[in-house]
Structure formats: C-alpha cells, structure tokens
Amino acid sequence: MNMLDDRAKVLLKALVERYIADGQPVGSRTLARATGIELSPATIRNVMSDLEVLGLIASPHTSAGRVPTSRGYRLFVDTMLTADREHLHTPSLAADQPQKVIANAANLLSDLSQFVGIVIAPRRSSIFRHIEFLRLSERRLLVIMVSPEGDVQNRVLFTESDYTTSQLTEASNYLNHHFAGMAIEQVREKLLAEVESLRGEIATLMQATVQVSTEALSQPHNDVVISGERNLLSVSDFSSDMGQLRRAFDLFEQKAQLVRLLDISAQAEGVRIYIGGESQIVPMEELSVVSAPYEIDGQVVGTLGVIGPTRMAYDRMIQIVDITSKLVSNALSHK
C-alpha cells in the first residue's frame, strides 16, 4: 500500500474524513475545498480514479462522488490516525464488584460512542480461597469452591467409596490449610508430589476436586456484556436498509462470533481495529469493531470495545476504548 504518493494520501485522508463527517459521497470540488491544496479539478479527478483502481474508494451508482472501501478505511486507520487521548472526559468506574464494573464499562462505551459497547467478562479465577465437601447421598458429594473474588462454584462429585461427614471435614480442613490461595494448576503439581504421603481418602477427594475444578475452569467463558444495541437503529447508514440492521442484530445474538473476535484481540497489545468486509473476522461489511484488552494486576483477562458502522470517527473511538480499558483495569486491580 506504499504505492501512494503524498498527494494521493492527502486526498484519501481528506475524503475519508469528509465522508465520516457527513456520510455523503465526496466529489472532487468538495475535496479541493477540504484539502486546501492547489490542485486543478482535473488532477484531483485523476488521483481519484487512481485510488479507485487501487480499490481504496468506490463510486456509488447514484452520484458523482466517491466513498471509502474497507481497504480505504484500513489504510486510513493504519497510517493516518493521530488520536489525541487528552480531551476525553470519562467518569471513573468504582470497583465495588467485578460484575458491576463490567456492566458499567459496557454502558460507558455505548454512551460515549453512541454505538454498541461490548465487554468480555474476565476468565474465572482458577485459585480457590476456600473449599468444602457436603455429603448429598451415598457416593455423591457436593464440592463448593470459593474464589478470591468471592465467586462460588458448585460441582457434584461421584466417588468410588462412601465418605463420612467427619472424613469430609478433615479433607476440606487439610485442603484449605495447605492449598488455599494456590492456582488449580499448582495444586495439581503439588498433589502429585504429595499423594504418597497423604491418607487415602484425602488424596482421592483432592484428585477428584482438582479434576472437577479444572473442568469447571476450562469451560468456555462466553460471558459477553453488550450495551446499546438500539443505538444502531439511529445510524443513518443502517436505517435505510433494514436487512443490514437485522444482520447486525443476528450477530449480537450469536455472541460466540463476537467472543472469537475479541479473544483474538486479547492477544494483541493496545487498541485494535477490525473493519467490516476486510476478512472473515467481522462478518458484516457495514460494521467495524474497535477493541482493546484490559488487565487485572498486569494480567490480560478480557477484552472490551465498540461496535459501530464502518463510517465512524475512528480517532474518537480509539480514545474511548483506550481510556475505558484503563479505567476497567484500574477498577479491577487490587493495587
């Protein structure tokens, strides 16, 4: 894409900015005014047709003007955005409960962007703070695990032999004493080392517990919080075409696809922009996603972002997403 000379870049940038601002196809006269550079209308028309050949802009049938394509937006976003993060005032997020912070963040993203805010809730902690066994019936136990954040998980265990209440109490006391605060993975390793020296029933119970808690934690965490879907109803690009809007709502219904998208961006540093029609990732030509990972105590645990029309003010969306990810990280961290 470095085949563009400076003149073509200036014109493309002006065209994208103009189109983002008012949604009308941009003609060469408008461009001449917008860039303020001394170019003849003929020169501008030539550059425009070059940009069209490169697939960066397209002419809608109904008008003489041009609109950016997803490749045009991508080039604009990659090379021309100068996001100024200083001028955005955001409320802070209070860290009373993780779920509340997540819901507030989704609302904040949609309020600030006027589009759709989306947050993937943090993966569940694999550390337990406390564990208890309850005897349900013969060879059926309930394992209750409490995470440091206060999440409670219950799992039913089917055991080879029957345990008395006092054996269960002894086992949970042992585990809480020796393993509380450790991640399940560490518990597993430590157990392998100690199994020989443990009394039979404690070892068996512990292994069963590690087994169920590993399963509980490896289940996909499709906790997606979405806010502001209705904002898309007022996006002029969609209101003329209900089919597009319906596809957008279908996408929110199939949250799995959004989770995949945001999981990809969790591995990336900083703000990422996915432009519709560019790849399989965003399944809709008319939607773009601006996303960023957020952290708890330095560990990336989830992703958040804004979903809106391809024609959006990307520099502002980058600021909104960037700042919200920092707010969420601060609110959830235990500093």
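Helices (H or I, at least four residues) and strands (E, at least two) are DSSP runs, numbered from the N terminus. The structure is a predicted model, in which local features need pLDDT of at least 70, side-chain atom pairs count only at pLDDT 80 or more, and totals for chains, interfaces and linings use all residues. Residues are numbered from 1 along each chain as its sequence is written, and side-chain values use heavy atoms, with hydrogens and water left out.

View 1. P68 belongs to strand β2 (residues 67–68). The residue counts as buried (under 20% relative accessible area, with exposed over 50% and partly exposed in between; 1.4 Å probe, protein chains only), because its relative accessibility is 8%. Beyond its neighbours within four places in sequence, P68 is in contact (heavy atoms within 4.5 Å) with L15, V16, Y19, L56, I57 and Y73. P68 and T310 are separated by 242 residues in sequence, yet their C-alpha atoms are 9.7 Å apart.

**View 2. The second largest pocket.** A pocket is an open set of points on a 1 Å grid over the protein atoms alone, where a 1.4 Å probe fits, with protein on both sides within 12 Å along at least five of seven lines; lining residues have an atom within 4 Å of a point. The second largest pocket holds about 380 Å³ of space. Its lining comprises 17 residues, and Y19, P68, E285, E286 and T310 lie nearest its centre. Two or more lining residues come from each of β2, α4 (70–80) and α9 (236–239).

**View 3. Helix α1 and its packing.** Helix α1 (residues 6–22) has 17 residues and spans 24 Å from its first C-alpha to its last, close to the 24 Å expected at 1.5 Å a residue; the expected span is 1.5 Å times one less than the number of residues. The buried residues of α1 are A8, L11, L12, A14, L15, V16, Y19 and I20. These buried residues pack against α2 (28–35), α3 (41–53), β1 (57–58), β2, α4 and α12 (314–332). After α1 comes G23, with a positive phi near 75°.

**View 4. S113 in helix α5.** S113 lies in helix α5 (residues 98–113) and counts as buried because its relative accessibility is 5%. The side chain of S113 reaches the backbone oxygen of L109 at 2.7 Å, while a polar atom of that side chain lies 2.9 Å from the backbone nitrogen of F115. Leaving aside neighbours within four places in sequence, S113 is in contact with V306, M317 and I320.

Conventions. Polar contact = N/O pair within 3.5 Å; in protein donor to acceptor, adjacent residues only side chain to side chain. Points joined across faces, edges and corners; volume = space filled by probe spheres on them.
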